[in-house]
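Hi,

Here is the structure I said I would pass on. Have a look at it first, and then read my notes below.

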Amino acid sequence: MATDGLHENETLASLKSEAESLKGKLEEERAKLHDVELHQVAERVEALGQFVMKTRRTLKGHGNKVLCMDWCKDKRRIVSSSQDGKVIVWDSFTTNKEHAVTMPCTWVMACAYAPSGCAIACGGLDNKCSVYPLTFDKNENMAAKKKSVAMHTNYLSACSFTNSDMQILTASGDGTCALWDVESGQLLQSFHGHGADVLCLDLAPSETGNTFVSGGCDKKAMVWDMRSGQCVQAFETHESDINSVRYYPSGDAFASGSDDATCRLYDLRADREVAIYSKESIIFGASSVDFSLSGRLLFAGYNDYTINVWDVLKGSRVSILFGHENRVSTLRVSPDGTAFCSGSWDHTLRTKNYLFVSLQVWA
Amino acid sequence: MAAGPASHGGLRRAQRPHLSKMERMVVSMQDPDQGVKMRSQRLLITVIPHAVTGNDIMEWLIHKYCITEEEALHLGTLLVRHGYLYPLRDPCHLELRLDETPYRFQTPYFWMSTLWPAAELDYAIYLAKKNIRKRGGLFDHEKEHYDQLHRKISHTWDLVVMQAREQLWAAKQRRKGDRLVIACQEQTYWLVNRPPPGVPSVLEQGPERNSCTAGRVQMTKTVDFYRREVECLRKALGRARVKSSVCLEAYLKFSSQRGPHDPIMSGCLPSNPWVTDNDTYWAMNAPSAAVPTRLRVEQWAFSFRELLEDPVGRAHFMDFLSKEFSAENLSFWEACEELRHGGQAQVPALVDAVYQQFLAPGAARWVNIDSRTMERTLVGLGRPHRHVLDDAQLHIYMLMKKDSYPRFLKSDLYKDLLAEAVVPPKTKRRVFPFMRKPRHSSPSPALLPASASREPSGGDGEA
């Protein structure tokens, strides 16, 4: 993309400083309407009782680090992807593996289940997002029906189907997000604005279904209009890479997890950060966050192998779960909120030649 | 595949925030007043000063951060695994033991942020020293590395051996205590940077981030990027904002309303399938369940979006609209959804079909849109694209939301649904809880006949 010529009185330096001063003004404006803190408002709310969640299922079968997982709308199936290129579809209730495909690349960092439950999408170091229709036909090779949909110029970090099987939203290390038509592979819209790798995205549960949020290595979380490709809102309060973003169930806010060891809540109507979930003893980055169905709990997986459960309203940590032996790389609550699944980099050495890696379902 | 992807990233990316935080932590642990209780440790005939035990470390962590024993043990273990603490006895395993095993704080010279990535030459010298000091003193994986390195840098191997001998000789000049400590420090450093097989490496970072900055034109450096940012910021400044108190109150209301519907918070009836292995809950709440549960019917009153998202709710709403002779509104809305989320290739045909059925003068199911929106839409239809009906769709959506929806909630139809809705009884506790119930499998959605799965995901499709 060639740079346009500079206008009179406009230099790179002047634009940069204009941006900085506008950012300062924006923070001032945002502060004007901030009349109370969340934990103050939440003082009236009853504290949560004792919290008990246990591992109910351990899914063993990946031979290497689990990087990403997604739930099927049927509330029990999941798709997971790993470092060695394997993508597996499980019925996690019975722990049976139903499909497995090996991607031609390693580090499959993104995977998603189609809303119909008939296909999965995945991608990683191949810079692409590919869609595999799921088939139970023994004679068909899943890899043969693979459709290459998205093409980026750097690794694929996240992907998600929109409201149907026919469109996919992707985020990439090339600093952009993009919306694709699955059937033709056509680029429908691209989203430019991040100053570094984009690591995560989430679609808004809104009535008009038109926006999504993305987070990146530039420490920014940006909200986009899917139709125009414009950035609608941006937040820059994290101190390090944002690894995960997830909308609050009402769609009026979203949470983010970052390498700075904090999770934060941003309100879209107030247009500002409204809560920070952190503790001095938590010093490793949060890799993945998700809300419980009512939005009262925030589950966050960390690089120190733990899962911390936060009271979203009061800002306190409700529980810490130890169940993994290496960093938790992915965490999603099931569609009906009955459980959440966590995937990690851990492995348990069974015999000298076999390594089994675990995905766990907690309830 | 030892340090793999991290090696060419440069120290910049390796300065992960967690390392500096760990370093601050160990520095404060060594504070003479507020730090961990230190003592001198006797090892055979040598006395090592400034040693701490695992218990001391745990106590300090518990006290300083107000955490439980379990968490303190976990945190302490991480400090050891990252090489910030090392055991003076049996330094082969970097674990935090809660016995009298003495630990010391690693010298900053060997910190992960200082001396990283570990140099191959240094490793060769280290292994050579070990080899010289005691024939057969190398572990299997070390022997492998040693042979590999010997092959790789055979041309400078004499230098390696010479350095090794020099360092061993220099060490002999030191006091026994210092010699022991330095040996432990070095051993710990190599345990972290060249972990034995079976031990996960704490160095692994995953694929390189920000690796493309050199090659890319369209990033931070360009005029376009800043222009876009300035534009975005200007728009953001003009944005209407809502007072925090109003926004935050909304969370309280939302959470308290949804609390009973949140299985993790309030449980679910008859039981949570993951806990009892009984999937009745899913059967009762299936997308097309004949009799919806009470909670489900109640949820239709929370918001219009949630009513539409539920296929059963939507079907009942459609019935209600039919009685009011405005069902075409919902059908139109559904058709617009299909357009927006459908395949690109279907766009022209769908737009035409929608026009014929809902918008054309004299159409069979004509929808009542205000004249301005209708005019705009008709003009847009000249060049059909997936968003050409957005305005019309929004208009009809709002109409239903503000008008039909509230009436639906007050209608007898809805009241009857609430009354007839089922409240499942809680599953009785099994007498023999250790006998596992067989877990029913369920047909994969991918097995459904093609026509059923092709439906635009309708109710459960909305994100």
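**Inside chain B: domains 1 and 2**

Between domain 1 of chain B and domain 2 of chain B, about 1300 Å² is buried, with 74% of it on carbon and sulfur atoms. Before I go on, please keep in mind that this is a predicted model. On the domain 1 side, the elements that give two or more residues are strand 2 (46–53) and strand 3 (85–87) of chain B. Strand 3 of chain B has the largest share of that side, at three residues.

In terms of residues, 18 from domain 1 of chain B are in contact with 13 from domain 2 of chain B. The C-alpha centres of these two domains lie 25 Å apart. For orientation, chain B is divided into domain 1 (18–110), domain 2 (120–193) and domain 3 (267–420).

**Between the chains**

How much area is buried between chain B and chain A? It comes to about 11000 Å², and carbon and sulfur atoms give 59% of that. Tyr251(B), Ile264(B) and Trp274(B) supply 8% of the area that chain B buries against chain A, more than any other three residues. The contact takes in 115 residues of chain B and 142 residues of chain A.

If you want to know which element gives the most to the side of chain B that touches chain A, go to helix 9 (residues 223–237) of chain B, with 14 residues.

Arg57(A) forms a salt bridge with Asp277(B), where the closest N and O atoms are 3.0 Å apart. The other one has Asp279(B) and Arg76(A) meeting through their side chains, at 3.7 Å from N to O. Asp279(B) sits in the loop between helix 12 (273–276) and helix 13 (280–284) of chain B, while Arg76(A) is in the loop between strand 2 (66–71) and strand 3 (77–82) of chain A, so this pair joins two chains. Over all chains, the salt bridge count by this rule is 49.

**Two sheets in chain A**

Start with the open sheet of four strands in the order 22-23-24-25 (chain A), which has antiparallel pairing. Strand 22 (286–291) and strand 25 (317–322) of chain A stand at its edges with a single partner strand each, so one side of each has no neighbour in the sheet. On average, neighbouring strands here are turned by 20° against each other, direction ignored. Strand 24 (residues 306–311) of chain A pairs with strand 25 of chain A in the antiparallel sense over five bridges. Within that pairing, Ile307(A) has Leu321(A) in strand 25 of chain A as its bridge partner.

What packs on this sheet from chain B? Helix 4 (residues 69–81) of chain B does, touching strand 24 and strand 25 of chain A, and its direction makes about 55° with that of strand 25 of chain A.

Then there is an open sheet of four strands in the order 10-11-12-13 (chain A), again with antiparallel pairing. Its edge strands are strand 10 (156–161) and strand 13 (187–192) of chain A, each pairing on one side only. From one strand to the next, the twist averages 15°. Strand 12 (residues 176–181) of chain A runs antiparallel to strand 13 of chain A, and five bridges join them. Here Cys177(A) has Phe191(A) in strand 13 of chain A as its bridge partner.

**Backbone details to check**

There are two spots in the loops to look at. The peptide bond from Leu269(B) to Pro270(B) is cis, with omega near 0°. Pro270(B) is in the loop between helix 11 (263–266) and helix 12 of chain B. Over in chain A, Thr95(A) has a positive phi of about 65° although it is not a glycine. You will find Thr95(A) in the loop between strand 4 (86–91) and strand 5 (96–102) of chain A.

Cheers

Definitions and conventions
Residues numbered from 1 in each chain as written. Chains lettered and ligands numbered in written order. Predicted model: local features only at pLDDT ≥ 70, side-chain atom pairs only at ≥ 80, totals over all residues. Heavy atoms only, no water. Pairing = 2+ DSSP bridges. Axes fitted to C-alpha atoms, helices over the stretch in contact; angles between N-to-C directions. Contact = heavy atoms within 4.5 Å. Domains from an automatic or database assignment. Buried area = accessible area lost by both parts, 1.4 Å probe. Salt bridge = Lys/Arg side-chain N within 4 Å of Asp/Glu carboxyl O.
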